[in-house]
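I opened a new notebook page for this chain. My plan was to look up a few places and write down what I found.

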Amino acid sequence: MVHRTILAPLGVGFLYWAAAAMSLALTNGADGVATMWPASGVLFAALIVLPARYRWSCIGFSAIGSVLANAMAGMSMATVIGFTVANMAEALVATALLRHWCPHRPSFIVPRDVVAFTASSVIAAWLSATIAWLSAGRPGDLFLPSWFVTVTLGMLIVTPTALLLLAMRDPDTRATVCQGSAAQTIGLLGMVLAVSLAVFAQGAYPLLFLPLVVLLAATYGLGPLGAAAGVAIIAIVAPLMTGMGMGPLGLMLHSRIEMSFFLQFYLIVLFATALPLAALLAARDRLGRQCADSERLHRLLADTSSDVIVRFSNDGNPVYISPAVERILDLSPAEVIAAPTMDPIHPDDREMVRNNWVRLLAGDPDACLVVYRHRRRDGSYVWLEAAYRIVDAAPGTPAQVVASIRDIDSRHRAELDAARAVQRLQETNRLLALAERTAGVGHWRLGADDGALFWSPEVFRIHGIADNEMPNAEDAIRFYLPEERERVAALVGQSMAMRVGFDLESRIIRAGGEMRHVISRGQPEFGRDGEFIGLFGIFQDVTAQVVAGRELEAAKRAAEDAAAHALRLVDTDALTGVASRRKAMAALDEAIVASRAGGNPLAVAIFDIDHFKAVNDRYGHAAGDAVLRRVARAAREAVRPTDLVGRLGGEEFLVLLPGAPAANAVAIAEQLRTAVAASGGGVDVGPRVTVSIGVALLDGNATAASLLGDADRALYRAKAAGRNAARLAA
C-alpha cells in the first residue's frame, strides 16, 4: 500500500522535472523566452485526476523536481526557491478554483466546464507570475506577462490533452471524447503534424492559417480529443522549428523574443478557437442524440401502448373507463369511477380542467384538448393528454362526452428537456461569441449561389456597427481604404472563381472614422456532395499588434543607437580623443594574435611627457589637459594610418606599430618625438614639452604583459639618457 501511495506522486514529480528541464533547456536556446511551461499542465492534470490524499505528496515531489530543474539551469538558490513556490502555488490555486466551480472532473464536452477550467488556469497563472516577479526582485516589464502567458499555455494545452487521453481508457466516455475511429484519429492528427511541420519548416510564405484549418478539421472529425491533441501538436512543432531558425515568422518578426510572444498569442488563438468549438459540437451532438432518443421513445410508446377510453356524463362523472387505465394509473377502472372526479387531479390543474369542461360543453373548439396531471396509486402524478368529443346520446337523454386519454408523461418531460436544451444551445452560442470577443477573432461566410454574406457579432464589433442588419458583399468592401478596395474585391473574386483560399492583411475605416489594421483569411467550403457552396473564414483586428510591432522596432533602434554610443564612449579616451586604455589593451592582444598567425613583425612603443608634473604645478591643470590633447594629436599625426595611439593613463601613452621591424619602429618613434617637441608654445595648447619613448619588438613567446614590460624598461633607459629620447629594448 505504501509503495502504491508513493509511486504515483513520484511519477508526477519525475514528469514535472522532465518537462521543466526540457523547457529550460529550450529557453536557454531561444534567447531566454519560453513559449509555454508544460510542467504546470502536468501537475494540474495530476491534481485533478489523482485522489485528494495524493495532493501534498504530488506537490512535494514536484517541488523537488522544480528545484532540481531550475538549479540545473544555473539559477541562484533564492530564485530557485521563489520560482518553485510560485509554481506550486499556481497548481494548488488552480485545483481549488476548479473544484469550487466544477466539483466533478471537468468534461471538455461541456462549455461550462471549459470556461471553469480556463478561468481557473488564468487566475492561478497570474498569481504564479506575481509571486515569481516579486521573488525575482521585480525584473523588467516583460517578465510578468511572459511568465503569465507561458504558464497559462502550459495548463491550457497540456492538462486537457492529458485528461482526454486518460478518458479514452474508459469505454463509457471514449466515444464522447473521440468521435472517430483509430484510423481516423491517426490520420487527422497525423495531418495536423504534417501540415505543422510543412508550414514551420519553410520560411518563404506566411502560411500560419493552415495549421488552424487542419486543427478545425481534426476538431470536427474527432471532437475534444482532436482539438486538445491538435493544439498540443502545434504547440510542440511551432516553437521547436522556430527555435531552430525555421518557419515563416522570420518574414515579419526579427527577434526570437518577438517570435516567442507571437507564438504564445498564436497558440492562445488556436486554443480559444478549437476547444470551445469542440465543446459546442459535442453539445450539439448530445442535443441531437437526446432528440433522437426522445423520438424513439415516443414511437415505442405509440407502438406498445393504447389510449384509455373514457365516457363521461354531461356532469363530468365517468361512466366507463377502458382497462388500459391500470397500466397508466395502476388503478382498476372501478376504482377510478368510484373516486371523486376532481380529487385525483393535481391541485394546480383542477381549476383549469373545470373551466375547460365548461367551455367544452359551451361548444368552444379550443377546449377539445386538455393536458393535466393525474395521481397514481402510489401518490405520484402522471401527465395525461385528453382529447374530448361530444357525442349524441339516445333521443331524450343528455349528450355524453367521449375522451381518448393517453400517458404523455415521458413526452412532456422530453419537451421540458428539449426546452432546456435549447436554452443550453443559446448559452453555448453566447459562449462562442464570448470566445470570439476574447480572442478578437470573428468569422464570416460568403455564399456561392446567392452571394449572401454572414458576419458573426465580433466582425460587426470590429467594423464599429450594430449587428441588427447584415451587410452585403459590396457594402463590406466599402469599409476598406479607397486605395485598397480594388485589391480586396479582386482577391475575393479570384478565390470564389478558383475555389481557393486567401490571406489578406489590410486596413478598414470603422463607422466612426477610426482606421484599424485587420487580417481576413478565407477557405473554400464544400457541401457533403463535394459541391462548392462558398467561402468561410475569420476576421481579426490586429491594430494592437501592428502598433506594438512598430513600437518594438523603434525601441530596438533606440537601444542599438544607445549601445553603439556607449561603446564609442568606452573605446575612446574622453580627454585626448585617442583610444582608451581598454581599447588599446584589447587591440594589443589582437595584434599579437595576428602577428603570430601571419608571421609579421609587431612593435610597441610607450612614451610619456617629460616633467609633466612641473607643467601642472606651474601652469595649472587646464594647461596640463591642453598639453595632453596637443601631444595626443601630434602623436596621431606622426604615426602611420595603420598604427594605433592610446592613452594608458595620466601622461603615459601606448603606440601599436603592426608590421614594423626594429629600424622602422625606431624611426617612427623618433618622428613622433620630434613632432611633439616641435608643437606647442601657444596659450591655447600649453607650453612646449618633450617625450621619452621606449620601443619593444614581439619575439618568441612574449605576452602582452612582457612586451609592455620591455617597452617600459626601454622608456626608463630613455629617461636615464636625459629624456627627449627614444630607446629600443635590448
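My entries follow, from confidence to cores to backbone angles.

**Entry: confidence.** I began by noting that this is a predicted model. The protein chain has an average pLDDT of 82. I found that 88% of the residues score at least 70. Over residues 29-33 the pLDDT stays under 50. The model has 7 contacts for residues 29-33 beyond four places in sequence. Residues 298-305 also have a pLDDT below 50. That stretch has 5 contacts in the model beyond near neighbours in sequence.

**Entry: Phe 117.** I asked myself: is Phe 117 buried or exposed? Its relative accessibility is 0%, so Phe 117 counts as buried, the cut-off being under 20%. I located Phe 117 in helix H5, which covers residues 111-135. Next I listed its contacts, leaving out neighbours within four places in sequence. Phe 117 touches Phe 44, Leu 98, Phe 108, Met 155, Leu 156, Thr 159 and Pro 160. I checked one of these pairs for distance. Phe 117 and Thr 159 lie 42 residues apart in sequence, and their C-alpha atoms are 9.7 Å apart.

**Entry: the nonpolar cores.** Which residues touch the most other members of the largest nonpolar core? I noted Leu 43, Trp 147, Ile 157, Phe 200 and Leu 270, in a core of 90 residues. Helix H11 (residues 256-304) gives the most to this core, with 13 residues. I then followed Leu 270. Beyond four places in sequence, Leu 270 is in contact with Leu 212, Leu 215, Val 231 and Ile 234. Another core lies apart from the largest one and has 30 residues. Its members include Ala 605, Val 631, Ala 634 and Leu 657.

**Entry: two arginines with positive phi.** Where is Arg 499 found? I traced Arg 499 to the loop between helix H18 (482-498) and strand E8 (502-509). Its phi is near 60 degrees, a positive value in a residue other than glycine. Arg 499 has 46% relative accessibility, so it counts as partly exposed.

I turned to Arg 723 next. Arg 723 is not a glycine, yet its phi is positive, at about 65 degrees. Arg 723 sits in the loop between helix H24 (704-720) and strand E15 (726-728). At 33% relative accessibility, Arg 723 counts as partly exposed.

Methods
Residues are numbered from 1 along each chain as its sequence is written. This is a predicted model: local features need pLDDT of at least 70, side-chain atom pairs count only at pLDDT 80 or more; totals for chains, interfaces and linings use all residues. Side-chain values use heavy atoms; hydrogens and water are left out. pLDDT is the predictor's confidence in each residue, from 0 to 100. Contact means heavy atoms within 4.5 Å. Helices (H or I, at least four residues) and strands (E, at least two) are DSSP runs, numbered from the N terminus. Buried means under 20% relative accessible area, exposed over 50%, partly exposed in between (1.4 Å probe, protein chains only). A nonpolar core is a set of buried Ala, Val, Leu, Ile, Met, Phe, Trp, Tyr and Cys residues joined through side-chain atoms within 4.5 Å.
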